[in-house]
Amino acid sequence: MDDSQSIERAKSFFINGLEKLNNNNFVGAEIAFQASLNLDPTSLAAILNLSVVLIKLNKLQNAEKLIDKGLLLYPKNAQLLLKLLDVYDALLIYKPEYAEVYSNRGVIYEELHLYEKALIEYETAIKIKNDYVVAYLNLGNVLNKLKRYEDAIQNYNKAIELDFFLIEVYSYRGVAFKNLKSYDKSMADYDKAIIMNPNNFDAYSKRGSLLNDLGRCEEALVSFNTAIKINSNFEEVFLNRGNLFNDLKKYG
């Protein structure tokens, strides 16, 4: 069977799945959508509709796995993220004190730029599980985005208290300190992140940005170049280095 025939068969199965879904024949719809997806594994429509059916059949783990695969194909796709929220909503019906689910919902709201909602989810996760390191880290990140820098630092401090070796928290806290113009503390955090992991390209990039802001351009360039040497696919550092070059041209 050639590709065009496979696509046509996939469409036929998909239409059949829609008909069964509209008639509340969820078992039949699952079979049809899965057949369509087998023939056309990258079909976003098939992934979305199959996930709907799996949720209705209470096959929540299968739905979550399917959506995760879909997000690999279509990163940060809003429709898939909303379907993943539906999975988590269904999970909370059976286990309302599930801290990890609240934290995961927070991540989705953050991806959707719904920061106030993300804030509530992370705070709920922490109320349920007060030693939940990742939730403190994520809460700090959301507070940073909401420009509540002092509150962000408090949550980063709590994450460090619970897990001193959580390397990424130092880079994030460094950003909050930078936004508060506490440049020495910001630099100390970036340096700490680099000492803990000499291949921490993100910390080198953020350190370079701080050095550039402080007018220490040569040191900033060294940090940016080190980040690029570690990870040449890190887009942010190229942007930051480009800003440095622009500043040098402007004032050179």
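Student: In which helix does serine 171 lie?

Tutor: This is a predicted model in which local features need pLDDT of at least 70 and side-chain atom pairs count only at pLDDT 80 or more, while totals for chains, interfaces and linings use all residues. Residues are numbered from 1 along each chain as its sequence is written, and side-chain values use heavy atoms, with hydrogens and water left out. With helices taken as DSSP runs (H or I, at least four residues) numbered from the N terminus, serine 171 lies in helix H10.

Student: Does serine 171 count as buried or exposed?

Tutor: Not counting residues up to four places away in sequence, serine 171 touches Tyr190, Ala193, Asn200, Asp202, Ala203 and Lys206, where contact means heavy atoms within 4.5 Å. The classes rest on relative accessible area with a 1.4 Å probe and protein chains only (buried under 20%, exposed over 50%, partly exposed in between). At 2% relative accessibility, serine 171 counts as buried.

Student: Which residues are closest to the centre of the largest pocket?

Tutor: A pocket is an open set of points on a 1 Å grid over the protein atoms alone, where a 1.4 Å probe fits and protein lies on both sides within 12 Å along at least five of seven lines, and its lining residues have an atom within 4 Å of a point. About 630 Å³ of space lies in the largest pocket, a volume being the space filled by probe spheres set on the points. Among the 21 residues that line this pocket, the closest to its centre are Glu110, Asn141, Lys145, Tyr172 and Lys206.

Student: Which helix supplies the largest share of the lining of the second largest pocket?

Tutor: The second largest pocket holds about 170 Å³ of space, and its lining includes Leu71, Pro75, Tyr88, Asn104 and Glu111. At least two lining residues come from each of H5 (78-94) and H6. The largest share, four residues, comes from H6.

Student: What arc do the buried residues of H4 fall within?

Tutor: In H4, Leu60, Ala63, Leu66, Ile67, Gly70 and Leu71 are buried, and what covers them includes helix H2 (26-39), helix H3 (44-56) and H5. The face turned away from this buried side carries the exposed residues Gln61, Lys65, Lys69 and Leu72. An α-helix has 3.6 residues a turn, so residues three or four places apart point the same way. Taking directions from the helix axis to the C-beta atoms, the buried residues of H4 line one face of the helix because they fall within an arc of 140°.

Student: How many of the 13 residues of H3 are buried?

Tutor: The end C-alpha atoms of H3 are 19 Å apart, which agrees with the 18 Å that its 13 residues should span at 1.5 Å a residue, the expected span being 1.5 Å times one less than the number of residues. Among the buried residues of H3 are Leu44, Ile47, Asn49, Ser51 and Val53. The helix is largely enclosed by the rest of the structure, because the number of its residues that are buried is 10.

Student: How far apart in space are cysteine 217 and leucine 244, C-alpha to C-alpha?

Tutor: Cysteine 217 lies in helix H13 (residues 217-230) and is partly exposed, with a relative accessible area of 22%. Leaving aside neighbours within four places in sequence, cysteine 217 is in contact with Leu211, Asn212, Leu244 and Leu248. Although cysteine 217 and leucine 244 are 27 residues apart in sequence, their C-alpha to C-alpha distance in space is 7.2 Å.
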